[in-house]
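Keep the structure open and follow along.

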Amino acid sequence: RPATPSFFSLSRDRLRGHIEGLGLPAFRAEQLYGWVYQRHVREPERMTNLPAVFRRSLGSVCDLALPEPTSVHQSPDGATHKFVLRLADGARVEAVSMRTPKRLTFCISSQVGCALKCAFCATGLMGLRRNLQCHEIIGQVIAMGDFHGWRDDRFNVVYMGMGEPLANLAPVCESLRILNDERGLNLGARRITVSTSGLVPQI
């Protein structure tokens, strides 16, 4: 039997196809997206418009586990928080939330380490350990949203953390689909920035 895919690695179209492939109604994908991304509910027992038998078996349909925040460091003014998240293989990645009077911004990573060694960036000193998978990218946004209690219905996401996003193109693009999906986190394209050192073919 194939491994249960992470819910956070599946765009809505891919989740719909996965659920149909299990012989279940495709509209369950819309319901799950609504609960997880719009209502921020991840406990199956609270998803009250889903049949009880489906809720009990949800763990075999998709995995709702997220990276574990191991520490949160706060700036003296309380406006910036740096999160260290432990991934399933024990690797660690950093994400940062930054609040200004006008907006809340989540800065997320796309790789563990980086191969490019830009002179201004300490991450390059690590070298590249590995690419992040889509669920590990989305998990950073969820962790920071949970920390801030999802009180801000307008926040920005910038791919300016560890790694070169365009060197990990497929998972980054899948994460962008989830962020931008109106049934997902519903972030407009103008509220998402992908920062690159300039990998021209990927651009």
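Predicted model: local features only at pLDDT ≥ 70, side-chain atom pairs only at ≥ 80, totals over all residues.

Which residues do ring pairs link into a cluster? They are Phe-7, Phe-8, Tyr-33 and Tyr-37.

Let's start with Phe-7 and Tyr-33, whose ring centres sit 5.6 Å apart with the planes at 55 degrees, so the pair is tilted. Phe-7 belongs to the segment before α1 while Tyr-33 is in helix α2, so this pair ties together parts that are 26 residues apart in sequence. Both ends are hidden away: Phe-7 is buried at 0% relative accessible area, and Tyr-33 is buried at 0% as well. Tyr-33 also pairs with Tyr-37, this time edge-to-face, with 4.9 Å from centre to centre and 70 degrees between the planes. Those two tyrosines are 4 residues apart in helix α2, about one helical turn. As a rule, an α-helix has 3.6 residues a turn, so residues three or four places apart point the same way. Tyr-37 is buried too, with a relative accessible area of 2%. If you search the whole structure, you find 8 aromatic pairs.

Now stay on Tyr-37 and look around it. Setting aside neighbours within four places in sequence, Tyr-37 is in contact with Phe-7, Phe-8, Ile-138, Ile-142, Ile-178, Arg-183, Gly-184 and Leu-185.

Next, turn to helix α1, which runs over residues 12-21 and has Arg-12, Leu-15 and Ile-19 as its buried residues. Look down the axis of α1 and these buried residues fall within an arc of 60 degrees, so they line one face of the helix. What covers the buried residues of α1 includes α2 (28-38) and α4 (58-61). The face of α1 turned away from the buried side carries the exposed residues Asp-13 and Gly-21. After α1 comes Gly-23, with a positive phi near 80 degrees.

So much for the packing; what about the charges? The structure holds 14 salt bridges. One of them joins the side chains of Glu-68 and Arg-86, 2.7 Å from N to O. Glu-68 lies in strand β1 (residues 68-74) and Arg-86 in strand β2 (residues 80-86), so the pair ties together parts 18 residues apart in sequence. Glu-68 counts as partly exposed at 42% relative accessibility, and Arg-86 is partly exposed at 30%.

Another salt bridge runs between Asp-152 and Arg-99, with the closest N and O atoms 3.0 Å apart. Here Asp-152 is in the loop between α5 and β7 (155-159) and Arg-99 is in strand β3 (residues 92-99), so the parts tied together are 53 residues apart in sequence. Arg-99 is partly exposed, at 33% relative accessible area.

Arg-177 counts as partly exposed at 47%, whereas Glu-174 is buried at 7%. Elsewhere, salt bridges that share partners join Arg-12, Asp-13, Arg-16, Glu-30, Asp-181 and Arg-183 into one network.

Some arginines meet rings instead. The charged end of Arg-39 sits over the ring of Trp-35, 4.1 Å from its centre. Likewise, the charged end of Arg-28 sits over the ring of Phe-54, 5.9 Å from its centre.

Most residues other than glycine have a negative phi. Lys-117, though, has a positive phi near 55 degrees; Lys-117 lies in the loop between β5 (111-113) and β6 (128-131) and counts as exposed at 61% relative accessibility. Trp-150 has a positive phi as well, near 50 degrees. Trp-150 sits in the loop between α5 and β7, and is buried, with a relative accessible area of 19%.

Technical notes
Residues numbered from 1 in each chain as written. Heavy atoms only, no water. Contact = heavy atoms within 4.5 Å. Buried < 20%, exposed > 50% of the residue type's maximum accessible area, 1.4 Å probe, protein only. Arc of directions from axis to C-beta. Salt bridge = Lys/Arg side-chain N within 4 Å of Asp/Glu carboxyl O. Phe/Tyr/Trp six-rings, centres within 6.5 Å; stacked < 30°, edge-to-face > 60°. Lys NZ or Arg CZ within 6 Å of the ring centre and 35° of its normal.
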